Amino acid sequence: MTDYVEVQERDGAARLGELRLADPLTFPTLVGHADDERVAGEEGPGGPHPILVDAGSEWVAERDLPEGDDATVTVLPHRGFPGGTPGEVQDAFAIDYPDVDYPSGAVVSPDTADNLGADVYVLSNAQHLRGHAQAFVAGVVRTRESIPADSALYLPGVATPGNVATLVHAGVDLVDADRAVLAGTRGRYLTSDGNRALEHLSELPCACPACRGPIEDFDRQDCVAHNVNALRAALATVRERIRRGTLRDYVEGQARHEQWHTATFRRLDRQYTYLEQRTPVLRRAEITASSDDTLRRVEIQRFAERVTTRYRNRFDAPLVLVPCSARKPYSESQSHGQFHDAIQFRAHTVSMTSPIGVVPQELELTYPAQHYDTVVTGDWSATEVEFVSDVLAAYLRRNEYPRIVAHVPEDGYREIVDRAVESVDRDLAVEFTVEDHPTTTESLSNLASTLADELKYSKRERQHNTLKAVADYQFGAGAGDALFDDIRVKARYPKLKAHDADGGEQLAALVPNYGVLSFTLAGAKRWRESEAPTKTVEIDDFVPHGSVLAPGVVDASDDIRVGDEVVIEGPQAFAVGRAEMSGPEMVESTRGIASSVRHVEET
C-alpha cells in the first residue's frame, strides 16, 4: 500500500496529485537528488525538487537498509536492468523490497513492475525506450498497469520541454532535468517546440531569468539554466491543462513538433482499453476537433460505440438525416430550428457530424455531443468520410426505419450516406431533399412536402423516449425500458424529470449540462432491482456524508468510470452518487475520493 501519494484529478492517463512529504509536492513535477548541486536550492513551484535519496545499487555492493525520513523519497537498494535484458536474468536477480514506514521508491522495468509496496516506481530502462514509440508506449502502459493506481511513476533522464506533455499524457508523474541539463552543456537550446544549436540563435526566444541578458553574453551555463526553466514552464502548462481537462487537445498539437512525439501519441491512441478505463465519461471542457487524430479519442470512440450498440430508436417514424450545426446543442441553432419547422415531429432526426459520427435527437445533450468544436473548411477528409459512414452504417443495421430521408448537402455528406447504405445488408432507399443548401427555401419546402403525409408523434412520446434513450446510452442496452417502462415525466426539456407511475416520487432527472441521468434514492433502488446493469460501490460499515473515500471501499464494479452514476451500499447505508475514480482504482487506492454522495439513507 502507498501512504504518501494521493491522486486528486484525472485527465485520461494523466493525473494531478500530491506527493505527501513533509513539504508536499504537486505532481506531475520535476524531481532531483537531494545531494545534486544542480537542483539544490531550486524548490520553487514546479521544481526541480531535491527530494530523492538513492540507497544505491546492489550490483556494486550489498546495501544496508536506510533509515529514511518524511522529507524525502528513499529509493531502496535496487538492481536496475538495461533495456533488452532477458526476462530470466531479471527474475534471477530480482530484489525483495522490504516494507518501510517512510516514503520509498522501487526500481523496476516493465517486466518486473508489480505492487512492491513503494510510493514511487522508477523505470530503469526509460532512456532505452526513448525514441522508440512502440517500445515506449508498451513499456509505460505495462508498468502503469502493474503498479498501484495511487503510486507515482518516475522516468529518469528522458524529459524535455517538448516531450513532457506526451510523457504525462501516457501516465508519467515524475521526471527530472537530467536530459535538459545535458543538452544545455552541449549547447542545445530547448523549447516546447524543439531544440536549436546555441550558435545558430540570432536572438533568445524566451523571457526566463537566464535569457534576459544580451545574446552575446549567453553561454552554455546560461543554456542549462534556460533549459531547466523551460522544462518547469512546460510542466506548469501540463498541470493547468489537467486541471481544465484539456491535456489531450494540447498534446495533439504539441506532438507535431517531432516525429517521435507524433508516433508515440498515435501509438498511445491504440491503447484503447488502457485509456478508456482512465478517461471520464463526462467533463466540463470542450473537445477541440482540429485533426483526424481527434477521431481516435476515447470520448469519440466511446460515444460511437454506445450509439451503435446500446441506443435503440423508439419512434415509429421516418428517419431524417441532417447536417450538424456550429451551435450546440443542435436544437438551439438557427439551421436546426428551420429543419424542425419543416419536420414538425413527423420524423426522427439524426445529425451527422465529424468527429462525433451520428447523434440521435434524444442524445444531443449527452457528452460529448454538445461539448465539441471542429474546424469548418467545407471539405471532408477521407478519414472523416470513412469514420462517419462506418458509424452511420452500424446505426442503420441496428435501427430499422420505414423511410430514410437525407436532408444533407452534396459535399461529403451524400458520399457518406451512399457508402453507409451500400454496406448495410438490406435494401434501403434514400430520399434526398436538398437543392444547393439545406436551409434554402426550396430545400426546406422539399423536406416538408416529403413528410407531409406522416403522422406527428406526441410530446409525451418525445419526453419518454428521450429519457429511455439516455438510460440506454448511460447504463446499457435495454436499460431505458427496464428503468422507465412505467413513469410520468414532469418539467420541460431539457430539464426532464422521471417520476413513478402515480407522479408522486421522483426517480431521476436529466442533467442538461452533460445529458445524463441523475438518480434519487428511489431511482437508485429501482436501478438496483431492475435488469439494467448496475454500477455498484460496496463500502465498509459506515454512513458516508458528502463523499466516500477510497479506504472505505470494499469492492466496486470493474466498469465504473470517472463521472459514472453509482449505487453505494454497505452494512449501514444505501446511497447514490457520482464516481470520482474508476472501479479498479477505487479498490486499489488507499487515498483520495472514490465517489461523491448525492443522497444517502441509513439502513
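At what angle do the axes of helix H6 and helix H7 cross, and within what distance do they come? In this predicted model, local features need pLDDT of at least 70 and side-chain atom pairs count only at pLDDT 80 or more, whereas totals for chains, interfaces and linings use all residues. Residues are numbered from 1 along each chain as its sequence is written, and side-chain values use heavy atoms, with hydrogens and water left out.

Helices (H or I, at least four residues) and strands (E, at least two) are DSSP runs, numbered from the N terminus. Two packed helices are described by the angle between their axes and the distance between the axes. Axes are lines fitted to C-alpha atoms, for helices over the stretch in contact, and angles run from 0 to 180 degrees between N-to-C directions. The axes of H6 (residues 220-244) and H7 (residues 247-254) cross at roughly 135 degrees and come within 8 Å. H6 is therefore oblique to H7; angles under 35 degrees count as roughly parallel, over 145 as roughly antiparallel, 65 to 115 as roughly perpendicular and the rest as oblique. Thr237, Val238, Arg241 and Ile242 of H6 make the contact with Leu247, Asp249 and Tyr250 of H7, where contact means heavy atoms within 4.5 Å. By class, four nonpolar, one polar and two charged residues take part in the contact of H6 with H7. In this classification, Ala, Val, Leu, Ile, Met, Phe, Trp, Tyr, Cys and Pro count as nonpolar, Asp, Glu, Lys and Arg as charged, and the others, Gly among them, as polar.

Asparagine 229 counts as buried because its relative accessibility is 18%; buried means under 20% relative accessible area, exposed over 50%, and partly exposed in between (1.4 Å probe, protein chains only). Leaving aside neighbours within four places in sequence, asparagine 229 is in contact with Cys208, Pro209 and Ala210.

In soluble globular proteins, nonpolar side chains tend to be buried together. A nonpolar core is a set of buried Ala, Val, Leu, Ile, Met, Phe, Trp, Tyr and Cys residues joined through side-chain atoms within 4.5 Å. The largest such core has 72 residues, and those with the most contacts inside it are Leu19, Phe136 and Val164. Helix H6 gives the largest share of this core, seven residues. When residues up to four places away in sequence are not counted, phenylalanine 136 touches Leu129, Leu155, Leu167, Ala170, Trp260 and Thr264. Another core, of 69 residues, lies apart from it and has Leu365, Ala469, Val470 and Ala479 among its members.

Strand pairing was also examined; two strands pair if DSSP finds at least two bridges between them. Strand S4 (residues 29-33) and strand S5 (residues 49-54) run parallel and are joined by three bridges, with histidine 33 having leucine 52 of S5 as its bridge partner. Strand S5 is likewise joined to strand S6 (residues 73-75) by three bridges, and these strands run parallel. Valine 53 stands opposite threonine 74 in S6.

An open sheet of five strands shows mixed pairing in the order S26-S24-S27-S28-S30. Strand S26 (553-556) and strand S30 (599-602) stand at the edges with a single partner strand each, so one side of each is left without a neighbour in the sheet. Direction ignored, neighbouring strands of this sheet are turned by 20 degrees against each other on average. Within it, S24 (residues 536-539) and S27 (residues 565-569) pair in the parallel sense over three bridges; glutamate 538 has glutamate 569 of S27 as its bridge partner. Helix H17 (residues 521-529) lies across S27, S28 (573-578) and S30, and runs at about 100 degrees to S28.

Most residues other than glycine have a negative phi, and most peptide bonds are trans. A cis peptide bond joins serine 354 and proline 355, with omega about 15 degrees. Aspartate 436 has a positive phi, near 75 degrees, and is found in the loop between strand S19 (430-432) and H14. At 74% relative accessibility, aspartate 436 counts as exposed.
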